[in-house]
Structures are given as structure tokens and as C-alpha cells.
Amino acid sequence: MSLALYRKYRPSVFADVIGQEHVTVPLSNALESGKTHHAYLFSGPRGCGKTSSARIMARSLNCEKGPTPNPCGKCQSCTDLVANGPGSIDVIELDAATHGLVDDARDLRDKAFFAPVQSKYKIYIIDEAHQLGPGAANALLKVVEEPPAHVIFIFATTEPEKLISTIRSRTHHYPFRLVPPGILGTHLEKVCESEGVKVAKGVIPLVVRASGGSVRDALSVLGQLLAGAGKDGVSYEIAIQLLGFTDGALLDDAMDAISARDGATLFKTVDRVIESGHDPRRFTQDLLERLRDLMIVDALEATNANSILRELPDDQLERMRVQAKSIGQASLSRAADIAAEGLTQMRGATAPRLILELICGRILLPMGDSSEAGLLARIERLERVESIAPQPRAAAPAAKAPAADPADYISPVTAEAKREVPTKAAKAKEEVVAAVVKEEKAPAAPERRIDSMDVAGLRRLWPDVIENVKKRRRLTWSLLSASAQILGVDEKIITIGIVNAGARDSFVRSESDEILRQAFIEVVGLDRKIEVTVDPSIDTTSTPEARAVRTSEAPTDATQLSGAALLAAELGATVISETSHD
């Protein structure tokens, strides 16, 4: 029978204890200076190194060269007290759960006065010390307060507040903490290298997450995965199934559907969660954590979010940045509140799948929410639409022309092109206004009833498609990079939504549909006709900085440029700010 990983990789010196420098450094200094105490209290969560540190302390004290923070490893005491060693007769480990009676304490007190057999000190390590009964703790009080010169007590407990205060006051208290994810992940990677087993990308973060910061729990979970590894090592799919977490692809599909307000795709994703055997409660919890991550990414931006979300790769952070910008901060906060409330309701007798589907429905429908969060989400959506296609004033006479065409200032068209298609611009204006009204009346977009598997997969690959378009033609890339998204796909057509009529007209005139079609063929392997419609609900993230980037990377051929890009190329202009026209 193989040795468990948490025993095999148990530390034998303080230098090998990870994540507890606030404890190991002062203890090492005390050993080096010879200022050790007669009683110690090690407290903290399970599996963070309390008992292991107590054994290291005993080994350091009884070393022939000790007290020393670096035991020689050669003397009798060091070999006896090494990790997984035979143990020493002078180091007595007791479990307070089974030795918590008054008679046990009296027996310990009487034996403590006998000198050690072969070591410098007789050391008592009392584990789970909070389970000492009141009588036993009081019986130990006098010997803990004034022990013989050769006796040292080390109490280890997860609940120090339950240990009587008279004993706590006579000890040096060192609180242990859970190990940070970054340190624990690095340690697990070294263990995998030592074991010679390959682990797929993303497995170590799952193990760290399952352990909750406990080194012993992490090594136990990792040991289970390594024991069941095949010839190719531990796969991500096996780890997901064994640990019960939700596949990241399902979470991405759900967030993309919420971003596009595509109810059909979102409920199809829920069905895939159930059909694949995932627990609805676990999926809801993972969904809540993803919403939390999106709020962090939205607040810090993808580049700075690395300091908090260290376990996520850069490509995933970039994908989450796009999702966060598309959904909006108020909508993210409201969705998180709904998910948290639903997670609490799942503890009752109601079917978890039903609660999960109701959560999704409430997230997609802010119009039915009269709370402050619902109003903020609706206002946020209206502000986005207004920044794209402002409405004409209500007092304006009906006989007058529309006050402001969105194409005039979002995607400017040359004066000559406007003279050629005056009716087309008016028609586009009507389409924008109709889309705004439709967006508020039907946020779930029921007309987008297509195969969720296809549209979810295309949305995940959309950034790769955009990069491929960039290599083919910069003009097409500038039109799609921050103002378009996939609305639907069927057996013949891929429907692309573009933020306004001006950008849609530029896309059609430049025959960019063929460029996009070739990109889909190369990246996805899907040959479909490209159809472009106006969708003013898309978040363009069109800040002046983003617009300046698109302008600077636009094609240099003046015949292909228009608006801000043409001014930048011919006159060296720079976009400073943007204002809407009434």
C-alpha cells in the first residue's frame, strides 16, 4: 500500500512548512537565540501544519546540536522524529479527545516529573486540546504553569477559545492560517513533478479550490487524482467530474447568453448542466463566483485583475473583461444578488433545477424587478442605448427631418455617400428606434431561437475570428472589434449584430461579409452566409481610448477610410472626446 501524499511530503524542518512564515520565523529565531518557552499553543484551521510544526519543534529542541532551527538529521533524536519516523519515547503525543478525563491528566502530571530517557527534553504534544474537560484542564494547570526544567508542553487546537483561559495565559500562542492559493498551487506543482505524473492545465487550481487552503486536504485530493491517472496523466475532464465543479465552458456559455440577453441559449445551457450530471447547487455557486470575478475584472480591468484572480490565465481574463463590459456593473450586481438568494432557497425542499431556471429568468428580465437593483440595471441599459442612438425631442414637429442620425457621429459617412442614399439613412434611423423600443419590451430576445450549442461555441471562438479578420483586412476588423456580436446561427446563415446603421452600411459597402465568412471557415470550419443587422443594445465599450486604438490601426488606404479614421490619416487628428447631439 502506497503512502498517502500528506504523509509522504510532511515537512521535517521549519523551512519546508509553506505559508506559515509568521509562525516559523519567530520560532526559528527563538531556537537560535535559546529563548524557548515551556508551553506553546498552536491554533488554526485543519491541515495547515500545527501538529507537523509541533513535531519539528520537538526535533529541533532534542537535536544533539540543539536547540537549533536546522536539526542535524544524523543524531538519534533527529532520525527518530523525522517525518514518518518511528518516534521518540521522550516525545509523547496525546489526543485530548481520548485523554480528556481527570484521571488521564493526573497520570500525565505524575509522569511529567520523571526525567527523559535519552533526550534533553520530555515534550508533550496534546492534539485537539480544546476537548480537554474542565476537570482535566484544571488538573494540568499547575504543571503547565510551573513544569520541571526538562518538560515542554505544546497544545494544538482548531478552537483555542474553548481552552480554559488560565492555560492559554501561560502559553505562547502562535495562530496558523490557511495557505494562500498561489503558494499552495506552486507546492502542488512540485509534488506532481516529484511523483512524475503529468497534470492537465487547470487541474491544480481545481485542487486548490477544493482544499479551501488546507495543505493536507489539497494533498489528499491530489493523491486521489494521481492514483486514478492514466497514461497521459490527470485530465481536466476527469478532475471536473471527480471534484464536482462546473466546467468553465458551461459558465462561459451562460455568461455569454446573459450578455446577449439570449434566453433560449441560457436555458439550453441549464439543460446541458443537468444532462451532464452536474449538481444545480454547485452550478449556482460557481455562477455566483463567476459573477464575483466579473465584478472584480470590471473594477480593475483585465491587466490589474491578475493581482487578485491569480489562478486565471490571461486569455480567460480577457474573455471575462469582454463579458463584464457587455453585461454592465449594475446588472452584474443585480445578477449576483439573485444568484445568492436562489442559492439560499435551494436548501429547502423545492427542486434545485426549478430554482436555477427561475434565477436565469429573473436575471434576463430586469423589467419585472421594481427594486433598486432592478431600476439601476434598467437605467444602465437605457444609458447604453441612448449613448448609441439618442431619441429626437418629443416637442419637435413631425414635419421636420430627424434631429440627429446616429450614423452622423458614430460611424460618419462621407457627404457624397449621404447624397446618394438619403432614403436609406432615414430607413436605418427607423430601424434603430424600433430596435430600442423592442429592446425594452422584449429583453429576452425570443426571436433568437437557434441551436444553443452552435451559438455558444461561436461566441467562445468570436475573439479568435476577430483576430483572423484583423490579419485579412484592418477595415473589417475596426468595424467588428468593439461594435459587433453574434446573434444567431442556422444551417445557412450566421447573423451578426452591429451597433448602428452607419457601421452596418460601411460593412456591406466594403464587402466585408466575405472577409468574415473566410475567417469563420478558417477558424471554426463553418461555411455560412453572413447576414448583418442593427442591434443598438450591444456595448461598444467605445471610450475615446478604444476608439483611438481602432483609428490608429485602421488601413492606410484613404479610399477605405471614413470619419475619424480619415481625419486621422489625412490631418493627423486625434479623438479627444465624444458628445451626443440632440
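**Overall composition and aromatic and nonpolar packing**

Of the 582 residues in the protein chain, 47% are buried (under 20% relative accessible area with a 1.4 Å probe, protein chains only; exposed means over 50%, and partly exposed lies in between). The structure is a predicted model, in which local features need pLDDT of at least 70 and side-chain atom pairs count only at pLDDT 80 or more, whereas totals for chains, interfaces and linings use all residues. Residues are numbered from 1 along each chain as its sequence is written, and side-chain values use heavy atoms, with hydrogens and water left out.

The protein chain contains 27 helices and 8 strands (DSSP runs numbered from the N terminus: H or I of at least four residues for helices, E of at least two for strands). Among contacts (heavy atoms within 4.5 Å) with a separation of 6 or more, 74% join residues 24 or more positions apart.

Aromatic pairs number 7 in the structure; such pairs are rings of Phe, Tyr and Trp (its six-membered ring) with centres within 6.5 Å, called stacked if the planes are under 30 degrees apart, edge-to-face if over 60 and tilted for the rest. F42 and Y174 form an edge-to-face pair, with 6.2 Å between centres and 80 degrees between planes. This pair links distant parts of the chain, as F42 belongs to strand 1 (residues 39-43) and Y174, 132 residues apart from it, to strand 5 (residues 172-175). Both F42 and Y174 are buried. A stacked pair is formed by Y124 and F153, at 5.5 Å centre to centre and 20 degrees between the planes. Here Y124 of strand 3 (residues 122-127) is joined to F153 of strand 4 (residues 151-157), 29 residues apart. Y124 counts as buried because its relative accessibility is 4%, and F153 because its relative accessible area is 0%. Ring pairs also link Y40, F42, Y174 and F176 into a cluster.

The largest nonpolar core comprises 34 residues; a core is a set of buried Ala, Val, Leu, Ile, Met, Phe, Trp, Tyr and Cys residues joined through side-chain atoms within 4.5 Å. Those with the most contacts inside this core include M255, F283 and L294. Helices that each supply at least two of its residues include helix 12 (248-260), helix 14 (280-305) and helix 15 (314-327). Helix 14 provides the largest share, 7 residues. Beyond its neighbours within four places in sequence, L294 is in contact with M255, M320, Q323, A324, I327 and L332. A second, separate core has 24 residues, among them V191, L206, L222 and I240.
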